[in-house]
2 protein chains.
Amino acid sequence: MGQTGEHGEAVDVVDVPDGVGGRMARRSPAPTMRDIADATGVSQSTVSRVLSGTATAVPIAEATRQRVMATARELGYRPNPLARGLRGAPTMLLGVIVRDIMDPFFAGAIEAASLEANRRGYNVVLGHAHHSADEAVALWGILEARHCDAILFLGDLRDRPDLVEDLQNTSIPVVALWHGSRDSGIPTVSVDNRGGIASVVGHLVGLGHRDIAFAGPKRLGDITEREEAYVAAIHDHDLIHRPGYIQEAPNDFEGASGALERLLALDRPPTAIVAPTDVLAIGMLHAAQLRGLEVPRDLSVTGFDDIPWARVSVPALTTVRMPTEAMMAAAVDLAIGGGSGHADAHPVLAPELVIRSSTGAAPSDAEGGA
Amino acid sequence: MGQTGEHGEAVDVVDVPDGVGGRMARRSPAPTMRDIADATGVSQSTVSRVLSGTATAVPIAEATRQRVMATARELGYRPNPLARGLRGAPTMLLGVIVRDIMDPFFAGAIEAASLEANRRGYNVVLGHAHHSADEAVALWGILEARHCDAILFLGDLRDRPDLVEDLQNTSIPVVALWHGSRDSGIPTVSVDNRGGIASVVGHLVGLGHRDIAFAGPKRLGDITEREEAYVAAIHDHDLIHRPGYIQEAPNDFEGASGALERLLALDRPPTAIVAPTDVLAIGMLHAAQLRGLEVPRDLSVTGFDDIPWARVSVPALTTVRMPTEAMMAAAVDLAIGGGSGHADAHPVLAPELVIRSSTGAAPSDAEGGA
DNA sequence: CTGAAAGCGCTAACAC
DNA sequence: GTGTTAGCGCTTTCAG
């Protein structure tokens with residue numbers, strides 16, 4: 001203990017034998033309805049009727065109800081969700097499986113899922129798959145089996161086609177988000193990657209940029225779409241697709257730094273870089289500063305997602321705002337909200353360009369890029 | 001059952017018309033051991049013996065075992081954790097209740113918890129309390145009742161003393177992290193805030209700083225300790241405690257910006273600012289840049305936690321590295337690892353100073369601070 | 001209005 | 001070796 005004895009002297013009020021995680025104050029293994037019934041002198045089913053909230057089903061004598069409730073409170077009764085679940089009651093739990101919590105984008109998505117779930121009386125059970133698809137499979141097994149009423153998958157799953165296949169055979173609804181909008185048999189909520197990238201490239205072109213590069217990870221559903229959208233946008237603006245202008249970069253700070261190095265080493269370095277995620281873009285900002293480049297004077301950088309950090313990067317990041325809340329609302333509707341569920345099973349939502357300070361006029365041709 | 005009437009409507013679960021989240025490939029409501037028994041022509045308990053893994057209990061004819069397993073695989077059998085749980089089996093679930101997932105520090109903590117839990121065959125169930133202590137209470141209720149085998153609370157809970165009290169009466173182990181090291185009756189794992197702040201202030205003093213300020217949120221266990229540690233450190237170095245050098249700042253970017261403004265408006269602005277979290281420190285970096293201040297030439301800034309973003313801030317942040325993994329390992333030990341559990345119920349781990357680029361020599365007295 | 005009894009899917013004594 | 005029989009805590013008929 002940092003500073004013991006300084007303040008609260010650990011006043012022993014209760015008679016707790018030894019407070020460590022092991023043995024707690026009371027030993028009774030959690031009071032059950034039986035206990036309350038015995039203590040109150042009524043039958044267990046009466047207790048159930050009083051305590052299950054479905055009181056309207058059968059009238060109960062007010063006196064009895066009071067006595068039962070009193071004893072319940074006294075004994076500190078808490079319903080056993082396992083037993084309820086066994087009987088077929090919904091667990092009111094929404095499973096969310098994500099591969100990388102540390103990615104602030106997904107952290108935000110989880111927050112949104114949690115909010116949206118709470119709105120409907122649900123709670124979120126988070127399964128964290130540490131980047132590994134195998135763990136995702138295991139988690140799915142855990143969350144399945146009516147432990148959760150529905151499951152959301154965040155991010156791309158296509159490197160595990162068997163998973164996707166299994167998912168269709170499950171007994172509970174599964175919805176995937178940011179899984180790429182290509183059809184894969186399961187309900188999917190996605191963002192219009194093409195539109196988002198188009199708006200970013202348009203913005204850059206409007207600023208006079210002609211040498212626009214892209215750097216992002218490969219083989220990740222959503223991200224791949226953004227790369228394709230970049231190629232399409234370059235084409236749409238009649239720009240030259242220069243060799244080396246598409247760099248592979250893992251979605252982390254090192255990836256950003258490496259890609260920037262390679263881009264700057266080109267014969268004709270780009271004057272602007274389109275990154276498919278804010279993490280990458282912010283990594284570029286940092287790497288550029290280390291390289292002595294000033295953004296946006298020497299180089300413009302754009303991101304995608306609009307994570308909170310994009311507002312406080314130096315300089316603040318021009319990016320594409322992900323409609324996370326709306327996507328999550330749609331996903332939760334698909335998963336649990338819509339019993340009638342005649343909603344579109346594959347909604348694609350529109351993102352929005354957010355212009356901040358990491359983009360500026362293209363440098364004059366002479367000093368192009370660096 | 002919080003809200004009546006809503007679900008009581010007995011919605012037909014089966015036979016959902018179209019493929020949205022409704023009808024999946026098969027309609028059988030999940031195969032049970034009974035089904036396998038019937039299909040195989042053995043008794044249900046034999047199926048249980050084969051499938052429950054506890055095979056060593058009673059010998060089973062290899063032929064039978066094979067037949068059972070085959071049918072099980074065929075039917076796509078999955079054990080029902082609810083039923084197992086009802087029987088008293090551990091759920092192998094570790095509940096983690098956190099108030100702010102978006103805070104990257106806690107995101108990292110969750111990641112660590114997840115890793116540590118997985119290492120022991122557990123999975124993490126995340127309860128998200130949206131900053132509200134009331135929700136934390138509700139979550140606790142949900143995760144309790146042997147739905148989880150143990151619960152971790154991340155962050156300070158002391159604004160809800162009743163929660164803490166309840167926690168001691170629970171039937172499952174509860175451990176709190178970053179709850180401040182003052183004793184509160186429940187097992188707690190914390191960091192040596194005092195040591196961490198002392199090292200930061202020492203570093204700053206070594207660089208020639210004499211006018212060192214502090215800005216952080218109030219009334220948050222761990223953070224309050226950091227503030228007290230700052231006061232102590234200032235005193236230990238025989239520095240003058242100047243008025244206004246302790247500013248209140250909510251733990252977000254706006255908070256950082258506001259506090260910086262107020263600090264710079266002082267008669268004698270500080271040459272260095274000690275922030276109790278990296279979020280605040282990075283917010284200051286951004287705000288300083290907006291103000292035209294160059295860090296660390298004009299102002300030094302330090303953080304606490306060493307979140308991943310601290311490495312890529314501009315400039316990279318000098319901070320105190322939280323021993324998150326070690327703390328989490330200790331916490332999980334306390335919660336589930338130690339059945340014997342004779343570990344220290346209140347370990348305090350040491351953080352480590354990480355010097356990067358946001359701190360530098362104090363400006364000469366003339367230009368002090370701005 | 002209330003009690004008795006069945007059973008959700010599974011495990012664990014007990015029999016044979 | 002395998003089948004029978006009890007329940008785990010709860011909801012829900014079905015009888016009073």
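The model is predicted: local features require pLDDT of at least 70 and side-chain atom pairs count only at pLDDT 80 or more, while totals for chains, interfaces and linings use all residues. Residues are numbered from 1 along each chain as its sequence is written, and chains are lettered from A and ligands numbered from 1 in the order in which they are written.

**Stop 1: DNA strand D**

Next, colour by secondary structure; helices (H or I, at least four residues) and strands (E, at least two) are DSSP runs numbered from the N terminus. At least two residues of this surface come from each of helix 2 (44-51) and helix 4 (81-86) of chain A and helix 2 (44-51) of chain B. Helix 2 of chain A gives the most, with five residues. Colouring by class shows eleven nonpolar, eleven polar and four charged residues; here Ala, Val, Leu, Ile, Met, Phe, Trp, Tyr, Cys and Pro count as nonpolar, Asp, Glu, Lys and Arg as charged, and the others, Gly among them, as polar.

**Stop 2: DNA strand C**

Turn to DNA strand C, which is also surrounded by 26 residues. The closest are A:Ser45, A:Pro59, A:Ala61, B:Ser45 and B:Ser48. Helix 2 of chain A, together with helix 2 and helix 4 (81-86) of chain B, each supply at least two residues here. The largest share, four residues, belongs to helix 2 of chain B. The surface comprises twelve nonpolar, eleven polar and three charged residues.

**Stop 3: the sheet of chain A**

Display the strands of chain A, counting two as paired if DSSP finds at least two bridges between them. Six strands form an open sheet in the order 2-1-3-4-5-11, with parallel pairing. Its edges are strand 2 (123-128) and strand 11 (348-349), each of which pairs on one side only.

Select strand 3 (residues 150-154) and strand 4 (residues 174-177) of chain A, joined by four bridges; A:Leu154 has A:Leu177 as its bridge partner. Strand 4 then pairs with strand 5 of chain A over two bridges, and A:Ala176 stands opposite A:Thr188. Two further bridges link strand 5 to strand 11 of chain A, where A:Ser190 faces A:Val348 as its opposite residue.

Show the side chains of strand 5 (residues 188-191) of chain A: A:Thr188 and A:Ser190 point one way, A:Val189 and A:Val191 the other, and all are buried. Buried denotes 20 or more other C-beta atoms within 10 Å of the residue's own, with C-beta atoms placed from the backbone.

**Stop 4: the sheet of chain B**

In chain B, select the open sheet of six strands in the order 2-1-3-4-5-11, paired in parallel. Strand 2 (123-128) and strand 11 (348-349) of chain B have a single partner strand each, so one side of each is left without a neighbour in the sheet. Within this sheet, B:Ala176 has B:Thr188 in strand 5 of chain B as its bridge partner.

**Stop 5: helix 9 of chain B**

Finally, select helix 9 (residues 221-236) of chain B. Its buried residues include B:Ile223, B:Tyr230 and B:Ile234. Among the elements that cover the buried residues are helix 8 (193-206) and strand 6 (212-216) of chain B, with contact meaning C-beta atoms, placed from the backbone, within 7 Å. After the helix comes B:Asp238, with a positive phi near 55°.

Terms used
Near = placed C-beta within 6 Å. Buried ≥ 20, exposed ≤ 12 C-beta atoms within 10 Å, placed from the backbone. Expected span 1.5 Å × (residues − 1). Contact = placed C-beta atoms within 7 Å.
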